[in-house]
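Visitor: I'm new to reading structures with chains and domains. Could you walk me through one?

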Amino acid sequence: MARELWKGNNAIAEAAVRAGLQAYFGYPITPQTELLEYLSARMPELGRAFVQAESELGAINMVYGAACTGARVMTSSSSPGISLMMEGISYIAGTEVPIVLVDVMRGGPGLGNIAPAQSDYNQIVHGGGHGDYNAIVLAPASIQESVDLTYEAFDLAEKYRAITVILIDGSIGQMMEPAEMPPMRPLKTEYPDWAVRGMVEHPGERRVLSSIYLDPPDEEAANLRMLRRWQQVEANEVRFKGYYLEDARFVVVGFGSAGRVALSAVRAARAEGIPVGLLRPITLKPFPVKALDELAQRVEGILVVEMNSGQMLEDVRRVVGGRVPVEFYGRLGGIIPMPDEVLEEIRRLSREPLTQDGHPRDRWLARMPRSN
Amino acid sequence: MVMLDEVVVYQRPQSLEECATHYCPGCTHGVAHRLIAEVIDEMGLRERMIGVASVGCSVFAYNYFDFDFVQAPHGRAPAMATGIKRVLPDRIVMTYQGDGDMASIGMGEIVHAAARGENITVFFLNNANYGMTGGQMAPTTLPGQQTTSSPKGRDVETQGYPVRASELLATLEGASYVVRRSLHDPKNIRMAKKAIRTAFEVQVRGLGFSMIELLSICPTNWGMTPVQSLHWLEEHMIPYYPIGDYKVHPIVAELKI
């Protein structure tokens, strides 16, 4: 298959189709809507299920129902819509049925705007829905990576009976890049032993799926079972990409578009002779703890770059544990940082005496302009 | 001496588990469960059934019906049923929902499932209050009716009017069969069973959305004996919620059942 020019949202939709997507349920919201539009034509063309739901609540519960049959199922939305889906996300997690969820993040809080942001990090990575649960969170930084991770997301979801989230910002959803599509997989014909498909498919065995464990010891046991399964995810599925780390004395940590902008800045800094590298987490959950821990033992300073007010920053600080100074640079509200801005932060990191006093967010905020 | 052969003329339907339920004494959920299970048995649908339980008194319906089930978030059963039916169109998918679940928090899901003509069957149990949480005002609570959250009686000036769900859904083009029946006496119970049969026939034949509203009693939360409750239903609920066929698509009307 040749490389073709693909828009991010369309590319994710087609990659899901090729991964064997059997049903899609969604609701329009910018900057995600092309995903829904693309599948509204593509799924019926292939005889697969597509419904434009009445709301994100409707969509996630249609996904929940379809997931209970063991089908490969996906929905997509953007930040405010994801908030609405949180009820269903918690139920899906509690029922241990696999789904793929795409969040094309936009500026917030509230209605916010439709420009790219990474401000759903906490909501997606650290929960959002009620109760104890963990979801696998994949953060691609290009269209090709979005395609590859979407293609794989269904396998991960099924392997661990987990929600797998493709977390991108609006710019990755909207921009076009060359990408190569994977081959079309056949639709699945065999279903796991928990799938509710009517006794006609599992004669003599009645199946029930729910997220209710009325007896507290049963609920605790279910939580422990899910947690032990999550340990397997942590042991096997951590992904990240390192750039120029071998001799790095400074390291930038950024994911998605922010990581990509940071890479341009790191290259420019290298051209100036600054020994800086980049750690770009691909799985935000499980977080690349070991890789960061190893860097914290040998670098002199860490700069976290995000399109939010420092949400991943707290995870980085937790791993670094005060061993080396951490600085932060963020742009908010739908603004993508320019490489020059990040380059200036790298220069500052390598040039100025670093401090462990106070919080990096406060130091960053002091540098940001006051508008009112 | 002549030995007469014993013939079983009445027994527990296969589609109903042999177990005690958590429903209160006198509650009509048991009657509704039995009618649905009888029809499923008679039509030979049990192996193809997938039920969607809701939140409310019928939250544990999956423990009582003896076929595949899933359990939905509050009000979302029609959306879950949609997801199931769209990937398994030859299964028979039903939801079983109370009035708080379907006509309040789940109003969006039920209206749009009906508007889409989703080929599912909805059983809507209307007992004019939230039973599971202890008898609060529901969207179906009658004007003046006392509940734990309308202690002086439902005041329509501040708490609005009850929702007639069958009449409302009947306005939607996608709805093929929408009727209201009652479970307060044997005649009405027999009428309810016939309607349940028709609703499943509609789904089996792919004729679209069907909903059976079943007027039900809640002796515990109404603070009455079961017999008093049956009379109260007849005297107070039926005038506001008349028994009748609110939407019968012409093709459904031609079905010989």
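Visitor: How far apart do the C-alpha centres of domain 1 of chain A and domain 2 of chain A lie?

Guide: Keep in mind that this is a predicted model. Chain A is divided into domain 1, residues 3-236, and domain 2, residues 241-367. Their C-alpha centres lie 29 Å apart.

Visitor: How many residues does each domain give to the contact?

Guide: Here, two residues are in contact if their C-beta atoms lie within 7 Å. The contact takes 25 residues from domain 1 of chain A and 21 residues from domain 2 of chain A. On the domain 1 side, the elements giving two or more residues include helix H5 (121-125), strand S7 (163-169) and helix H8 (216-236) of chain A. By class, that side of domain 1 has 15 nonpolar, 7 polar and 3 charged residues.

Visitor: And between chains, how many residues of chain B are in contact with chain A?

Guide: In general, the size of an interface is often given as the accessible area lost when the parts come together. Here we can go by residues: 28 of chain B are in contact with 33 of chain A. H3(B) supplies the largest share of chain B's side, 8 residues. Sorted by class, that side has 14 nonpolar, 5 polar and 9 charged residues.

Visitor: Which strand of chain A is joined to S2(B) by bridges?

Guide: That's strand S9 of chain A, residues 208-209. It is joined to S2(B) by 2 bridges, and the two strands run parallel. To find the spot, look for A:Leu209, which stands opposite B:Val70 in S2(B).

Notes:
Residues numbered from 1 in each chain as written. Chains lettered and ligands numbered in written order. Predicted model: local features only at pLDDT ≥ 70, side-chain atom pairs only at ≥ 80, totals over all residues. Helix = DSSP H or I, 4+ residues; strand = E, 2+ residues; numbered from the N terminus. Nonpolar A, V, L, I, M, F, W, Y, C, P; charged D, E, K, R; others polar. Pairing = 2+ DSSP bridges. Domains from an automatic or database assignment.
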